[in-house]
Amino acid sequence: MNRTLRIGAVTYLNTKPLIHELEELSDGAELVLDLPSRLADMLSAGELDVALIPVIEYFRGGPYRIIPNIAIASHGPVLSVTLFSRKPWSELRRVALDVGSRTSAALTAILLRKRYGIRPELVPLPMDAQAEQVDADAVLLIGDRAMRACLPGFAHAFDLGQEWHDWTGLPLVYALWAARPDADLTVLQPALEEAKRRGCRDVGKIAFQEAPGLELDAGFCRRYLSNIIRFDLGPREQAGLHHFYMLACELGLARRGVHLDFHHQPDLVQSR
């Protein structure tokens, strides 16, 4: 008897188009919603078969297979990954990082070290902590929490998607679908592709449904999903992913020698 496939996805708004109607498309698979960091740990432990994980965890864990041409990415501002700061970049000495983050935490470290040439102390920011009360010069917030935050006591709000694009000229990939080697993707890969297609078609409906619970304007949510977040993993996104990986390796944040292993697409050029 085939056991039920376990799929892990993030709880944030930017994930909703990728899991739209997925449960009915995936032939009885179990959908588990959690934070990106927890999903990565669950996939590594074998508690999930497929998960939408932070890209940095693909380069740390595995071996995994990537579902082709599906991702959460941005080509400039992302709005949902923000470093709120009391000081300019050059004056930062202590930075608190959202514990739900892995890719964005690595991105922050890369920007601090490689772009701005500084090494502040990095400390965790618990999910239940009040960011305004944290003893730090800056706090990294991600996901819906970042989009709702204002933090008037912080003079700066640095959009890290914009920071990355201004620096590199490349897209940034935040998350992708990764599968364990033994996961049967015969039914699931087409289901994930169709869920993405339907989700991108229905962003207005998704925004209208999700906005009240997030305490966000429905129009803002629609523009965010339609114009800010990108859901493809094409050549430009892969170039940005490769550059991010190289920088992460230089800082010891990822394992060297990891390549992009796409399920059922062996002819794709692999990054090393």
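In the predicted model, strands β1 and β2 pair in the parallel sense, and 5 bridges join them. Within this pairing, Arg 6 stands opposite Glu 30 in β2. The two strands belong to an open sheet of 6 strands, in which the order is β2-β1-β3-β10-β4-β11 and the pairing is mixed. The edges of this sheet are taken by β2 (30–34) and β11 (229–230); each has a single partner strand, so one side of each is left without a neighbour in the sheet. Helix α2 (residues 36–44) packs on the sheet and touches β1, β2, β3 and β10. The direction of α2 makes about 130° with that of β3.

Strand β3 (residues 50–54) is mostly covered, with 5 of its 5 residues buried. Its pairing with strand β1 (residues 6–10) is parallel and comprises 2 bridges; here Gly 8 stands opposite Ala 51 in β3. With strand β10 (residues 172–179), by contrast, β3 pairs in the antiparallel sense over 5 bridges. In that pairing, Val 50 stands opposite Ala 179 in β10.

Leaving aside residues up to four places away in sequence, Ile 7 touches Leu 22, Ser 26, Ala 29, Glu 30, Leu 31, Val 32, Leu 48, Val 50, Trp 177 and Leu 188.

Val 81 stands opposite Ile 142 in β8.

Packing between helices was considered next. Two packed helices are described by the angle between their axes and the distance between the axes. Helix α4 (residues 103–115) and helix α10 (residues 235–250) pack at an angle of about 70°, and their axes are 10 Å apart. As angles of 65 to 115 degrees count as roughly perpendicular, α4 and α10 are therefore roughly perpendicular to each other. On the α4 side, the contact is formed by Thr 103, Ala 106, Leu 107, Ile 110 and Lys 114, which meet Phe 244, Leu 247, Ala 248 and Glu 250 in α10. By class, this contact has 6 nonpolar, 1 polar and 2 charged residues.

In helix α7 (residues 188–201), Lys 196 was examined. The relative accessible area of Lys 196 is 11%, so this residue is buried, the limit being under 20%. Contacts of Lys 196, not counting residues up to four places away in sequence, are with Pro 17, Leu 18, Asn 69, Ile 70, Phe 231 and Asp 232. Lys 196 and Phe 154 are 42 residues apart in sequence, and their C-alpha atoms are 37 Å apart in space.

Cys 200 is in no disulfide, and the nearest cysteine sulfur, that of Cys 221, is 16 Å away. Cys 200 has a relative accessibility of 35% and so counts as partly exposed, whereas Cys 249, at 6% relative accessibility, counts as buried.

Terms used. Residues are numbered from 1 along each chain as its sequence is written. This is a predicted model: local features need pLDDT of at least 70, side-chain atom pairs count only at pLDDT 80 or more; totals for chains, interfaces and linings use all residues. Side-chain values use heavy atoms; hydrogens and water are left out. Two strands pair if DSSP finds at least two bridges between them. Helices (H or I, at least four residues) and strands (E, at least two) are DSSP runs, numbered from the N terminus. Axes are lines fitted to C-alpha atoms, for helices over the stretch in contact, and angles run from 0 to 180 degrees between N-to-C directions. Angles under 35 degrees count as roughly parallel, over 145 as roughly antiparallel, 65 to 115 as roughly perpendicular and the rest as oblique. Contact means heavy atoms within 4.5 Å. Ala, Val, Leu, Ile, Met, Phe, Trp, Tyr, Cys and Pro count as nonpolar, Asp, Glu, Lys and Arg as charged, and the others, Gly among them, as polar. A disulfide is a pair of cysteine sulfur atoms within 2.5 Å. Buried means under 20% relative accessible area, exposed over 50%, partly exposed in between (1.4 Å probe, protein chains only).
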